[in-house]
Amino acid sequence: MNKIYPHTARLALLLGTALGIALGMGAPASAQGYTSIPNGETYLDSAGVAIQAHGGFTVKHDGMYYWVGEDKAHNRASFRGVAMYKSADLKNWQLVGAILTPETLDVNGNQVLAHCKIERPKILFNQATGKFVLWGHWETYDGYGPSQVVVATADQIEGPYTVTAKGHFRPGEGNTEGVGYHVGIPTPDYGATPDSSGNYPTFIPKPAYPPVVASGAASNELLNFGYDTTLKAVAVVPDAEGYASNTRSAVNTVSYNIGAAPSATLVAPVIAPFTGAQVTVNANKLDKAYITSPTQGASIYYTVDGSTPVPGAAGTTLYVDGTAIPLDANKTVKAIAVRAAAQSPVVSVTYALAAAGFTAPIYPPVISVPGGNYADPVAAVKIYATSSGTTTYFTADGKDPDPPVKGENMGFGSRDFTVFLDPATGKAYLVTAQDHVYLRVWQLSDDFTDVVPSTQYAMFINQAREAPALVRHGDYIYMLTSKQSGWYPNQLLYTRTLDIANPSGWEAQRPIGDNTGFHSQPTQIINTSKTGTPQYVYLGDRWNPALLGSSTYVWLPLTLAADGAMRFAWTPWLKIDDATGQASGAQDQLVSLGKPVAATANVASSATARRTPDQANDGVIDQSAHFYQPTGAPFFWQVDLQREVDLARIDLSFRSVGGSDAAHRYKVSGSHDGASWTQLFDNSANSRVGFQSHPLSGTYRYVRIDVSQVWDMVHNQSASWSAGIYEASVYAKAGN
C-alpha cells in the first residue's frame with residue numbers, strides 16, 4: 001500500500017508534551033503515551049507527530065480502532081492524502097499510512113484523485129462482500145462547483161484501496177428513474193427572495209464538471225503539475241442557452257512525466273490547428289492558431305506570409321507563449337525552433353477560409369505546455385480555444401472530458417457528508433449537504449459503493465445544515481448537524497427518527513452544547529462501549545483556517561436521555577476506560593452557577609429576550625434568546641463565588657452571530673476582595689472566534705473578564721456589535 005511521508009520518532013517531543021499535559025495544560029499522559037485524549041490541543045501519534053485525521057471517521061475491526069481523515073500537513077485545501085491511524089485504546093494512535101493519495105488509481109487505471117480536493121473521508125465494512133468501502137467528498141482543486149463523491153474499496157482495512165469504476169460522481173447521476181438533478185430542468189432558487197405567495201424563483205443548473213474554460217478565451221494558470229499527470233481538453237459548441245452540446249472536437253491529450261530526463265533532441269514546433277498541409281477555418285475570421293514547442297528551452301520564430309522564418313530577419317517574429325495568430329485571411333504559417341544555435345526543421349500549415357455556407361470542423365483546444373518528460377514540476381499550463389464560438393472543458397485525472405448536455409441527469413450535489421451503517425438493519429446510508437439548501441438522505445446499494453436513486457429525499461430545506469453525524473440508540477436514529485458558515489463554528493442541532501427511510505419522521509431540531517459546539521464541527525458519534533451498555537463519544541474538528549495542518553480535535557462524552565435529549569459538555573480532556581469503554585472528563589467543580597454578578601451596562605431586554613449579566617451564568621449555554629449583551633466593547637463581567645476557591649479553569653462561550661468572524665480579546669483576573677485584581681490569563685491578542693477554555697490557578701473569591709475589543713478577523717475592523725457572553729463558567733479543583 002502507499003505509505004504516508006516517512007518520519008522518525010520524536011520521543012523527546014512526545015515526552016515533553018506528556019510533561020506539559022501532566023502539569024495541567026491538557027490531557028493526562030505518561031512516558032508510555034496518553035492516558036486521556038487532549039481536546040483542542042495538538043494530538044500526537046505514537047511517533048510524536050501531530051495526527052492528521054481531519055474531517056475523519058473511526059471504525060473498529062478485529063479488536064483495533066482505525067481512524068481515517070484528511071492530511072492537511074501542507075496547510076492547503078488541496079488533496080495530499082487520506083491518512084489512516086490505528087489504536088487499541090482510542091487514545092494512542094499509530095500511523096498506518098496514506099490509504100489514498102493523488103496517485104491512487106481507479107479500476108480503469110485513471111488518476112481520478114489527481115489535482116483535486118478530498119474531504120471528510122468515511123469508512124464502512126461490508127459484511128456481505130468482505131470489502132472495506134471508503135467514501136470521500138471530491139472537488140476540483142480550485143473550487144466547489146462539482147460537489148461530487150468518490151468511493152474506493154479494499155480487501156484489507158489497511159489497503160490497498162482502488163477507486164471504483166464510477167470514479168467521482170454526483171449521487172444519483174445517470175439514473176433513469178426520473179429522480180435527480182437534471183441539467184436544464186428549472187430548480188427553485190432558495191437563496192432568492194420568495195414572492196408574496198411564498199414561491200421561489202427558479203434557476204437552470206448547468207454542468208459543474210468537467211471544469212470549463214471561458215468561451216473564446218484562454219484559461220488562467222491551470223495547475224502546477226508536480227507529479228505524473230494526463231491532461232485532456234475538448235472544445236464544445238454550446239447550444240442557444242449556453243449548455244454543452246454534442247457538437248464537439250476530438251480530445252487533445254498530453255501526459256507529463258515528472259522527474260524524468262527531458263529529450264535532448266531538437267524537434268520542430270507544433271502549429272495548431274493542424275489536420276494536414278491545408279486546414280479550413282471558419283469564414284467569420286475569428287478562428288486562431290497557436291504554436292507550441294516540444295523542445296524544452298527552445299525559442300520559436302514564425303512567419304505568416306509563407307516565407308521561411310530566419311531569426312532577426314524582417315517578417316520573422318519571436319513567438320511569445322500564448323500569442324493568438326488571427327486566421328482572418330488565407331495565410332501560411334511557418335515556424336522553427338532554435339536552441340543553442342541549433343535550428344529545427346521548418347513546419348508549415350496553410351489556412352484557408354471556408355467557402356460561403358460551409359462550416360469548418362471543430363478543432364481541439366491547444367494545451368500550452370506539450371507533453372513529455374520534465375525534470376521539474378510543470379507550471380502555468382493554459383488552454384486555448386482555436387475554433388471560434390466554442391467552450392473548452394478539461395480534466396486532469398485521465399478521464400475524457402464529457403460534460404453532460406441539457407436534459408441529462410447529473411445527480412445531486414454533495415458536499416459535507418457522512419455515511420451511516422444502521423446496526424439494527426445492516427443497511428447503510430449517505431447523508432449529505434447540497435448547494436447550501438438541502439440536507440439529502442440516500443440508502444446505499446447492497447455493496448455500499450453507490451446510492452439507490454429511488455430512496456433519496458431532502459430535509460431541512462433552506463436551513464443550510466451540514467456535517468451530519470448519526471448514531472442509533474434503541475429504537476431511534478439520532479442525527480447531529482452544524483450550520484454552513486464557512487470555517488467558523490456555530491450552534492449544533494440534533495434530531496431523531498424511528499425510521500430513517502421516512503422523510504416526515506424526523507423530529508424538530510434542538511440545540512446541543514454551547515453556541516459554537518465548543519468551537520467544533522461534528523464528524524462522528526462513536527459508541528465506545530465494551531459491555532453492551534452504550535457509551536457515546538462526540539468527535540469533532542476544531543478548524544484553524546489560517547493553518548489547516550494545525551487544526552485539532554474535540555472528543556466529548558455524549559449522553560442520550562430517556563426523554564430523547566442529547567447532551568454533551570466541555571472537558572479539557574477525555575478519558576476512556578479500557579475495560580468498559582466508558583467516557584469521562586475532568587472532574588472539576590462548577591462554582592459560578594447562579595452566583596452574584598456585576599458587569600458593564602447591557603442593552604435593553606424584553607419579555608422574550610433578556611440581555612442582563614446574570615444570563616451569563618444561568619447554566620443555559622446554547623444560542624437561546626437569553627444572554628448577556630453589553631452596549632458595546634470594551635466591557636467587563638465579573639462573578640462573586642461567595643468564598644475563596646482553588647481555581648481550575650474558566651470556560652467562555654462568547655457571542656457569535658451566525659458563525660461570524662468576530663473574536664473577543666480579553667484578560668481574566670482573580671481577586672480576594674473585588675477591588676484588587678491579579679491577572680490570571682491574557683488573551684488580549686486572541687484571533688479565534690467563539691468558545692474558549694483556559695486553565696487557572698490560585699485561590700480567589702472573585703473572577704473577572706475584561707474584554708478590550710471584539711475584532712472582525714476577516715475585515716480587520718471593530719465588531720463591537722457582536723459583543724456578548726452566552727455563558728462564563730468558572731471551575732474549582734475537585735473537592736473544593
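I count a residue as buried under 20% relative accessible area, exposed over 50%, and partly exposed in between (1.4 Å probe, protein chains only). I am working on a predicted model, where local features need pLDDT of at least 70, side-chain atom pairs count only at pLDDT 80 or more, and totals for chains, interfaces and linings use all residues. Residues are numbered from 1 along each chain as its sequence is written, and side-chain values use heavy atoms, with hydrogens and water left out.

**Entry: R496 and E507**

I looked up E507 and found it partly exposed, because its relative accessibility is 30%. R496 is buried, since its relative accessible area is 11%. For salt bridges I took a side-chain nitrogen of Lys or Arg within 4 Å of a carboxyl oxygen of Asp or Glu. R496 and E507 form one, with the closest N and O atoms 3.0 Å apart. This pair links distant parts of the chain: R496 sits in strand β36 (residues 492-497), and E507 in the loop between β36 and β37 (510-512), 11 residues apart. Helices (H or I, at least four residues) and strands (E, at least two) are DSSP runs, numbered from the N terminus.

I also noted a network: D588, R649 and D651 are joined by salt bridges that share partners. I read the total for the structure as 19 salt bridges.

**Entry: K131 and D155**

K131 pairs with D155 in a salt bridge, the closest N and O atoms lying 2.6 Å apart. Here too distant parts of the chain are linked: K131 is in strand β9 (residues 131-140), D155 in the loop between β10 (148-154) and β11 (162-169), 24 residues apart. I list K131 as partly exposed because its relative accessibility is 30%.

**Entry: E70 and K72**

E70 forms a salt bridge with K72, and the closest N and O atoms are 3.2 Å apart. Is E70 buried or exposed? E70 is buried, because its relative accessible area is 4%. K72 also counts as buried, as its relative accessibility is 3%.

**Entry: S245**

I placed S245 in the loop between β15 (229-236) and β16 (252-258). S245 has 14% relative accessibility, so it counts as buried. What does S245 touch, not counting residues up to four places away in sequence? I found V236, V237, D239 and V405, with contact meaning heavy atoms within 4.5 Å. The side chain of S245 also reaches the backbone nitrogen of T247 at 3.2 Å.

Key
Polar contact = N/O pair within 3.5 Å; in protein donor to acceptor, adjacent residues only side chain to side chain.
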